[in-house]
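Please work through the following exercises with the sequence and the model side by side. Each task is followed by a solution that goes step by step.

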Amino acid sequence: SSEHISMSFVKIRGDVNSYKPSSIQLAGSAKKEEFTRTDRKNDQFRPMKFEFDIVPESTGSIYAEYGDTKIVIAIYGPKQSRNVSTFSNQGRFKCFLHYAPFAFAQRLTESRGKSIKEKDMATSIERALRNVILLEKYPKCTVEAHIWLLQCDGNELSCCINTSSLALVHAGIEMKDFITCCQIVVSDDGSGEKNKNKKKIRLLDTTMSEQRKVSKQCEMVVSVMNASKQITLLNMNGSLSP
């Protein structure tokens, strides 16, 4: 005979206490907090590290670290110029820059935008360094700087110019001066005050996370000859009130 099984359920009442629902803040409604650096001062650079002669085939090479920005630069030449239609008693200086596919958190792919960015940075580096190289000492010759950005964490142009100048000295290229470069970002303090007297903060050698956190008004990159104090490059992105 089949056995009949009966089941019964008892409803247990839950806690009668009520809770206030959490408040929802719309995007942009939260008050911005004032930005402050915790690991270094606003006018302080990141730690630097240099290693020399890492590319044996080059005339001179350097591996450099500026915080988490990592660069390799190799100097080739002076060597005979090729594919030059006109004769000149002055030599040539060429710069080639490449982003590694793993330079950013998101892997890079070959694209038109990436190529344009590389050419723009290479042109800026050439302008910053060409005037200090004694190119008249190298007629019918070319000096090449090959730059590989292995890891990018902000201020790449300034780091590349400083390392390229050091690599040229290490390679024995004759120069009339040494170039140093610096980047500065001017932004609001993030307090949200809307008046003409609101404070501005000035940050040297910014990282990518810092540039995302601050309300950037202007970014400047300046390269200067150490001895003569002449400016060889001035890049400015944004607006700056007097």
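**Exercise 1. State which residues of α2 are buried, and describe the helix and what follows it.**

Step 1. Helices here are DSSP runs of H or I with at least four residues, strands are runs of E with at least two, and both are numbered from the N terminus. The 15 residues of α2 reach 21 Å from the first C-alpha to the last, close to the 21 Å expected at 1.5 Å a residue, where the expected span is 1.5 Å times one less than the number of residues.

Step 2. After α2 comes Gly172, whose phi is positive, near 85 degrees.

The model is predicted, so local features need pLDDT of at least 70 and side-chain atom pairs count only at pLDDT 80 or more, while totals for chains, interfaces and linings use all residues. Residues are numbered from 1 along each chain as its sequence is written, and side-chain values use heavy atoms, with hydrogens and water left out.

**Exercise 2. Describe the largest pocket by its volume, its lining and the elements that supply the lining.**

Step 1. On a 1 Å grid over the protein atoms alone, a cavity is a set of points where a 1.4 Å probe fits but cannot get out, whereas a pocket is an open set with protein on both sides within 12 Å along at least five of seven lines, and lining residues have an atom within 4 Å of a point. Grid points are joined across faces, edges and corners, and the volume is the space filled by probe spheres set on the points.

Step 2. The largest pocket holds about 490 Å³ of space. Its lining has 19 residues, and Lys117, Glu156, Leu157, Glu219 and Val221 lie nearest the centre.

Step 3. At least two lining residues come from each of α1 (112-130), α2 (156-170), α3 (208-213), β8 (216-225) and β9 (231-238).

Step 4. By type, the lining divides into 8 nonpolar, 6 polar and 5 charged residues; Ala, Val, Leu, Ile, Met, Phe, Trp, Tyr, Cys and Pro count as nonpolar, Asp, Glu, Lys and Arg as charged, and the others, Gly among them, as polar.

**Exercise 3. How many disulfides does the structure hold, and where does Cys95 stand?**

Step 1. A disulfide is a pair of cysteine sulfur atoms within 2.5 Å, and the structure holds 0 of them.

Step 2. Cys95 is in no disulfide, and the nearest cysteine sulfur, that of Cys160, is 7.8 Å away. Cys95 is buried, with a relative accessible area of 5%, whereas Cys141 is partly exposed at 21%.

**Exercise 4. Locate the backbone features at Pro78, Asn155 and Lys229.**

Step 1. The peptide bond from Gly77 to Pro78 is cis, with omega near 5 degrees, and Pro78 is found in strand β3 (residues 69-80).

Step 2. Asn155 has a positive phi of about 60 degrees although it is not a glycine. Asn155 lies in the loop between β5 (141-151) and α2 and is buried, with a relative accessible area of 7%.

Step 3. Lys229, also not a glycine, has a positive phi of about 65 degrees. Lys229 sits in the loop between β8 and β9 and counts as exposed, at 60% relative accessibility.

How values were computed
Buried < 20%, exposed > 50% of the residue type's maximum accessible area, 1.4 Å probe, protein only.
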